[in-house]
Amino acid sequence: MPEFSGRVRLALLVTLVIALATVSMVMDQRALRGGGREMPAWAGLLLDAAVPVQKAMALPVDLLRAAWNDYLFLVDVRQENDTLRRQLLEVREENLQLREALVASGRLARIAEMRDEFEVPMLPAELVASDVSPWFRSVLLDRGRGDSVRSGMPVVSEEGLVGLVTATSRGASKTMLLLDRQAAIDGTIQRSRTRGTVRGRGGEELGFEFVAREGDVRLGDVVITSGLDGVFPKGLRVGRVAAVEPAGPGLLQVAALDPAVDFGRLEQAFVMLRRGPTMELLYRSGDAAPAAPAEELAP
Amino acid sequence: MAANWLPARYLPDLGLLLVVAASIGLRSTSGGVLFAALLGYATDCVSGALLGQHMLLSVAAYGTARVAATRLNLRGALPMMVFVSFLAAAHAAALGALMAFVTPLASSRIDVSDALVHALASGLAAPLVSEGVVRLLGSLGEDEGQRPLRLASRALGP
């Protein structure tokens, strides 16, 4: 009899766990479609605790890396410095010529206006850990709700678009990288203005889906955000076309992209402290992102 | 969360290893299920998975390991390595299937080479983690292998 009741109890427990997990997944999927979620307190504690633990664990490796980069690796620095100086001069020259061309065509004022329009306060954040599972591509940032970071905010680096904040706790936030299988954004080929959807593939490259008949996509083309998804601002670099897969019988054709951001070396990123219009609409009821404190904002 | 200087595919799945170790070390099956569920949920909280994905798979892995432990000698290093490698590969496949079900728009294709590398890394680390957990449980008086065997006795004679 006790054995029977034990089995019944076990069966009930397993059923309860399966039901909880299923409900949890469905609810989380809905929340994620809405751009993300604020984590419950107990889950937030886990994220908050992960930041100092990860920083402590990474300390020996960071010290070793710093020693290597600052001392042992300096052998080639002089040569590299000369090359960079030369490149800088070339770029300055090119920049001057481009500015002249822009002024001449009267577009500079328009670009300045656009920059004012899209200027978004940015908060620097450190990547403290990457995903524990190889099947998901997310990272943990050391800034959270306490720093005005909210779900649905874009994350960028100087190289381009990094991803989207999907969950936050008080002192940390989880960011889904562009590489994640669940990531999808509206992109445009900068040269031909061909629109398509950039999707993460879980690996180190991205896929760009576009309409085969209308698409003009070539190797080396730069893909930028179109801004039409209302999530990411227009004009952020996403990647470069590395291969165009042959068109199949379907309507869509796919190109493989090399991401603009080197995710393997990414250590610091910037959270854009303003959600896109779609995200703002989704979050309008209740959780409006407050303006960030001025002293924390980077220009 | 994993270290960000090493791709996660080269790291063993610590959650899975702990669940397998619990399946051979913990006496109470209910306790093991609860442990696996909580560990899975914690993994979901810090990873990019949907809340509940790892929880479900963790409980399934615990059940599989618990059944396997009754038929295989999982205290031996080699059987443990082989079993965990297969379990980790099955875990990856199950995760792909679950993703295809709950997030149909996302790409649920799991890279086979990544899955194999991850399974191998998990298999290699399994005996070490298992031994550690079983010893820890043993010191707490929880080791399944140390459980006293109760034999029904019957008075002899008239």
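A crossing of two helices is left-handed if the near helix is turned anticlockwise from the far one by less than a right angle, and right-handed if clockwise. The model on screen is predicted; local features need pLDDT of at least 70 and side-chain atom pairs count only at pLDDT 80 or more, whereas totals for chains, interfaces and linings use all residues. Residues are numbered from 1 along each chain as its sequence is written, and chains are lettered from A and ligands numbered from 1 in the order in which they are written.

**Chain B**

Select chain B. Its elements run α-α-α-α-α from the N terminus, giving five helices and zero strands. Helices (H or I, at least four residues) and strands (E, at least two) are DSSP runs, numbered from the N terminus. Of the 158 residues of chain B, 46% count as buried. A residue is buried if 20 or more other C-beta atoms, placed from the backbone, lie within 10 Å of its own, exposed if 12 or fewer, and partly exposed in between.

**H3(B) and H4(B)**

Select H3(B) and H4(B) next. H3(B) passes H4(B) in a right-handed crossing; the two pack at an angle of about 145°, with their axes 11 Å apart. Axes are lines fitted to C-alpha atoms, for helices over the stretch in contact, and angles run from 0 to 180 degrees between N-to-C directions. Show side chains: on H3(B) the contact includes B:Leu57, B:Ala61 and B:Ala68, and on H4(B) it includes B:Phe83, B:His91 and B:Leu98. Residues are in contact if their C-beta atoms, placed from the backbone, lie within 7 Å. This contact divides into ten nonpolar, three polar and no charged residues. Ala, Val, Leu, Ile, Met, Phe, Trp, Tyr, Cys and Pro count as nonpolar, Asp, Glu, Lys and Arg as charged, and the others, Gly among them, as polar.

**B:Ala119**

Centre on B:Ala119, in helix H5 of chain B. Why does B:Ala119 count as buried? Because 23 other C-beta atoms lie within 10 Å. Leaving aside neighbours within four places in sequence, B:Ala119 is in contact with B:Ser85, B:Ala88 and B:Ala89. The C-alpha atom of B:Val82, 37 residues apart along the chain, is separated from that of B:Ala119 by 9.5 Å.

**The core**

Now colour the largest nonpolar core, which has 102 residues; among those with the most contacts inside it are A:Leu140, A:Val271 and B:Val19. A nonpolar core is a set of buried Ala, Val, Leu, Ile, Met, Phe, Trp, Tyr and Cys residues joined through C-beta atoms within 7 Å. H4(B) gives the largest share of this core, nine residues. Select B:Val19: not counting residues up to four places away in sequence, its contacts include B:Ala36, B:Leu39 and B:Tyr62.

**Where the chains meet**

Show both chains. In all, 38 residues of chain B are in contact with 45 residues of chain A. Which helix gives the largest share of the side of chain B that touches chain A? It is H2(B), with eight residues. That side divides into 23 nonpolar, twelve polar and three charged residues.

**The barrel in chain A**

Finish on chain A, where a closed barrel of six strands runs E7-E8-E9-E12-E11-E10 with antiparallel pairing. Two strands pair if DSSP finds at least two bridges between them. E9(A) and E12(A) share six bridges, with A:Phe208 opposite A:Ala255. Five bridges join E11(A) to E12(A), and A:Val241 stands opposite A:Leu257. E7(A) and E10(A) pair over three bridges, where A:Ile189 has A:Val223 as its bridge partner.

Definitions and conventions: Contact = placed C-beta atoms within 7 Å.
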